[in-house]
Amino acid sequence: MMTDQLGFDTRAVHAGTPADPATGARQVPIYQTTAYVFRDAEHAANLFALKEVGFIYSRLTNPTVGALQARIADLEGGAGAVCCSSGHAAQILALFPLMGPGLNIVASNRLYGGTITQFSQSIKRFGWGCKFVDLDDPEAVKAAIDDDTRAIFCESISNPAGYPTDIPAIAAIADAAGIPLIVDNTLATPYLCRPIEMGATLVVHSLTKYMTGNGTVTGGVVVDSGRFDWSASDKFPSLSAPEPAYHGLQFHKALGPMAFTFHGIAIGLRDLGMTMNPQGAHYTLMGIETLALRMPRHVENAQKVAEWLEADPRVTSVSHSGLASSPWHDRAKRLYPKGVGGLFTFSLKGGYDAAVKLVGNLKLFSHVANLGDARSLVIHSASTTHSQLSDEQKIASGAGPDVVRLSIGVEDADDLIADLDQALSAAS
Ligand SMILES: *Cc1c(COP(=O)(O)O)cnc(C)c1O
């Protein structure tokens with residue numbers, strides 16, 4: 001379906017999902033199959049040679065997953081998208097075509113704790129490096145980029161403290177260096193932010209969070225803008241030069257704006273195997289149908305709760321860029337006019353002990369390592385999601401010892417405030 005002229009809310013329901021061509025089924029069927037019957041030997045050969053696009057084996061492509069890919073590519077304004085098993089898988093899938101031993105990325109120091117660990121520790125085993133910088137210091141970002149840098153990585157709105165990244169400013173630095181900007185758009189979703197429109201090359205998501213919206217699945221996606229010229233330098237040979245892992249195919253020459261997407265399937269999913277299952281894709285498609293209804297409610301509730309907490313004497317500070325007191329309030333209003341989402345942090349007068357007690361006394365909030373659920377969630381980042389980090393990294397990423405992270409759901413804001421009120425009393 002051509003959906004360019006339709007509004008976002010309509011596309012969230014319709015994009016990528018015409019009635020099923022085989023049965024007319026209105027909801028996207030869960031194609032629970034491993035393989036697909038070839039018409040004949042020539043058909044099989046053409047599919048393997050990428051001369052014809054079709055289904056071969058569900059590690060690579062599946063119609064249910066394909067419908068989700070088409071919907072997300074549409075909502076993000078990308079040329080194509082590749083779904084995978086989790087948000088963390090999406091980050092590796094996005095970097096894989098760009099990287100090699102000895103090469104590095106430059107990443108924001110305000111990232112989800114798991115991503116800081118993935119980038120500072122685990123990718124070293126591939127021979128990849130990462131330099132963390134403060135994105136509010138453009139000179140430091142430029143200085144960190146060297147001849148071996150292959151991407152800049154940031155989150156649009158960062159986990160856990162809701163820092164709103166100046167994507168156009170960082171995209172300009174990436175463009176000048178001839179490298180792609182990769183934006184993790186998990187917390188904002190394309191409802192609040194479309195990084196490609198702000199100059200990003202690639203967008204990654206943890207679909208586990210707001211996109212699915214109810215804490216049922218893990219999933220990830222890599223969206224490509226289709227705009228980056230992979231052949232402009234010799235920095236990206238897997239895309240621009242004959243690729244030995246795919247019988248010498250030159251992906252960029254052969255596939256143009258779809259080069260990165262096909263590479264992600266034909267080499268990424270084929271060889272790394274981090275495939276999304278069709279059942280998971282179904283849940284995420286259902287979740288995205290209500291994305292445009294849920295996100296404004298998350299934003300509105302989070303704003304109410306944050307304002308209430310900020311006025312409470314038991315609270316030291318609230319980090320939420322929707323508050324006038326935030327150093328990033330003006331940027332948030334300028335770049336994220338529909339709001340900064342439902343996740344924020346606050347710190348308690350009673351420090352670490354009070355933070356732990358508060359979490360233990362909340363009744364409506366679930367104490368879990370997740371976010372972006374319809375239910376409100378709470379976690380003490382320093383002792384959980386960010387526990388692998390050094391003290392400096394914890395504080396830099398907004399997860400100090402006295403800090404509690406809230407993921408505000410779509411319940412009645414007054415009930416959430418009453419629950420926080422009683423738990424704060426118990427903790428003080
Ligand atoms: C949760 C999260 C991830 C990792 O996603 P998984 O689906 O848990 O692998 C990456 N980035 C951000 C911002 C997240 O919140």
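The model is predicted, so local features need pLDDT of at least 70 and side-chain atom pairs count only at pLDDT 80 or more, while totals for chains, interfaces and linings use all residues. Residues are numbered from 1 along each chain as its sequence is written, and side-chain values use heavy atoms, with hydrogens and water left out.

**Domains**

- The protein chain is split into domain 1 (8-287) and domain 2 (292-427), with bounds that come from an automatic or database domain assignment.
- Taken over C-alpha atoms, the centres of domain 1 and domain 2 are 29 Å apart.
- Where the two meet, 39 residues of domain 1 are in contact with 40 residues of domain 2; contact means heavy atoms within 4.5 Å.

**Nonpolar cores**

- A nonpolar core is a set of buried Ala, Val, Leu, Ile, Met, Phe, Trp, Tyr and Cys residues joined through side-chain atoms within 4.5 Å. Buried means under 20% relative accessible area, exposed over 50%, and partly exposed in between (1.4 Å probe, protein chains only).
- The largest nonpolar core has 102 residues, and those with the most contacts inside it include L68, L98 and F251.
- Helix α11 (residues 259-272) gives this core its largest share, seven residues.
- Both domains take part: at least three residues come from each of domain 1 (8-287) and domain 2 (292-427).
- Another core, of 26 residues, lies apart from that one, and A302, A355, V359 and L420 are among its members.
- Leaving aside neighbours within four places in sequence, L98 is in contact with residues including L103, P180, W230 and F260.

**Two helices**

- Helices (H or I, at least four residues) and strands (E, at least two) are DSSP runs, numbered from the N terminus.
- Helix α4 (residues 87-95) is mostly covered, with eight of its nine residues buried.
- Helix α17 (residues 413-427) has 15 residues, which at 1.5 Å a residue should span 21 Å; its end C-alpha atoms are 21 Å apart, in agreement. The expected span is 1.5 Å times one less than the number of residues.
- The buried residues of α17 are A413, L416, I417, D419, L420, A423, L424 and A427. Seen down the axis of α17, its buried residues fall within an arc of 160°, so they line one face of the helix; the arc is that of the directions from the helix axis to the C-beta atoms.
- Among the elements covering the buried residues of α17 are α13 (291-310), β8 (315-319) and α15 (351-361).

- R110 sits in the loop between β2 (104-108) and α5 (113-120) and is buried, with a relative accessible area of 14%. The side chain of R110 makes a polar contact with the side chain of D134 (3.1 Å). A polar contact is a pair of N or O atoms within 3.5 Å; within protein, one must be able to donate a hydrogen and the other to accept it, and residues adjacent in sequence count only if both atoms are side-chain atoms.
- T64 belongs to helix α3 (residues 63-76) and is buried, at a relative accessible area of 0%. A polar atom of the T64 side chain lies 2.8 Å from the backbone nitrogen of Y31.
- E243 is in the loop between α9 (237-240) and α10 (251-255) and is buried, with a relative accessible area of 11%. The side chain of E243 reaches the backbone nitrogen of A245 at 2.7 Å.
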